[in-house]
Amino acid sequence: MKNEKGTIVLAGGVIGLIAAILVFFGNPANMGFCIACFLRDTTGALGLHSAAAVQYIRPEIIGLVLGACIISLAKKEFRPRGGSAPVTRFTLGAFVMIGCLMFLGCPFRMILRLAGGDGNALFGLVGFVAGILTGTVFLKKGYTLKRSYKMPKLEGGIYPAFQIVMLLLLVVAPAFIHFTEPEGGPGAKHAAIIIALVAGIIVGILAQRTRLCMVGGIRDAVLFKEYKLLFGFVAILVTALVMNLILGAVTGTSYFNPGFAGQPIAHTDGLWNALGMYLAGFGCILLGGCPLRQLILAGEGNTDSAVTVLGLMAGAAFAHNFGLASSGEGPTANGKIAVIIGIVVVAVIAAVNSMRKEEA
Amino acid sequence: MITYIATFYSHYGAIQFRRNCQAMNLRAEVMPVPRDLSSSCGTCVRFHTEADFPEKTEEVEQIVRVEPQGYVGIYHADEE
């Protein structure tokens, strides 16, 4: 890749464009993509939680994994590996999801919420950066979940294959899965399956080629003064914002509504928006990547990331089964307790896995 | 002086290797892995040496020599 920065900015631009267009085609507002929300919806569609408003197998997730898988196979970068602290990763994944559902979005949707004018996402961004900064302190102290090992092709292929099963369930056997009733909530709002799937595949390919990662962007900027990955997300923000303005002008329905109150699928509790994303940022840096990046790595055959995604899904099930997820009305008491527990657990995982540095 | 890049299975492996380089008075810096070298997004160490470099640890994934025309692989753990 001759001009890596240019490629990343271009890819980010295309991704921002696609994200805005997905809303035009039916996705919930400011939710062209949201890895946390979409995994949560998929978890609900499988009946692993029973929040009727958020149940739908999101083809974007299927596309992201398959896109990354196809391009990594084509480029001989499909390299099955795993064995690096899977249970710890599962646990971190679950708490990252709980943090995301406190805020109501993953780092990717945080950017899209900003592009839609949602000022509450600024509090999320502050918390997210603080979480990453906390995590980098442990990285510098020698934090590690130990190395991964080469795995058989089958092991690496199971998670991508699982996505094909999900697609078959959605297209061929919808009677087996749960759907949000029309007008019944965010789960009912979605672009046509083929549009969502193709969008996911394109973004999956771009993200695999560029290693786009929100957490990685801020981490590299802090640790190495290397801003390439961060530019990718700035590009997403800028193009999604411009596209929102264009869509608003063309359709007469505003896609950009600056303010705090009444934002779509968002609440105005600044403290808990920040703490939710603090937990997500802190957890993600210990995992080595944001939820989007975990999906892409899972598509490349990384089973540690596949386990992390399963952890994210388990976190979504917990969040909705125990009333931890926020709603437009705000956070719940249970959710606040869970986020605090999450921050403590993530801090303990960070500290315990940083103690081996003296062995070096 | 020859420049090498070593990639690792973990960020910690990179920090540890850089420390070992510095113990041998080699100039070494940690940085993000170049995309051409790997699809993973970890940390690598670029180091400069006339001849010797530190013993490979279990954490070392690959070592390449940096040439004007590109990277020349000299070690890859999975291929051992």
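Let me begin with a term: helices here are DSSP runs of H or I with at least four residues, and strands are E runs of at least two, numbered from the N terminus. This is a predicted model, in which local features need pLDDT of at least 70 and side-chain atom pairs count only at pLDDT 80 or more, while totals for chains, interfaces and linings use all residues. Residues are numbered from 1 along each chain as its sequence is written, chains are lettered from A and ligands numbered from 1 in the order in which they are written, and side-chain values use heavy atoms, with hydrogens and water left out.

I will start with helix α9 of chain A, residues 214-224, where 10 of the 11 residues are buried, buried meaning under 20% relative accessible area with a 1.4 Å probe and protein chains only. Among them are A:Met214, A:Ile218 and A:Phe224, and just after α9(A) comes A:Lys225, with a positive phi of about 55°.

Turning to the interface, 28 residues of chain A and 23 residues of chain B take part in the contact, which is defined by heavy atoms within 4.5 Å. Chain A and chain B bury about 2200 Å² between them, this being the accessible area (1.4 Å probe) lost on putting the two parts together, summed over both. Of what chain A buries against chain B, 30% comes from A:Arg147, A:Arg211 and A:Phe224, more than from any other three residues.

Three salt bridges cross this interface, each a side-chain nitrogen of Lys or Arg within 4 Å of a carboxyl oxygen of Asp or Glu. One pairs B:Glu61 with A:Arg81, whose closest N and O atoms are 3.5 Å apart.

Terms used:
Buried < 20%, exposed > 50% of the residue type's maximum accessible area, 1.4 Å probe, protein only.
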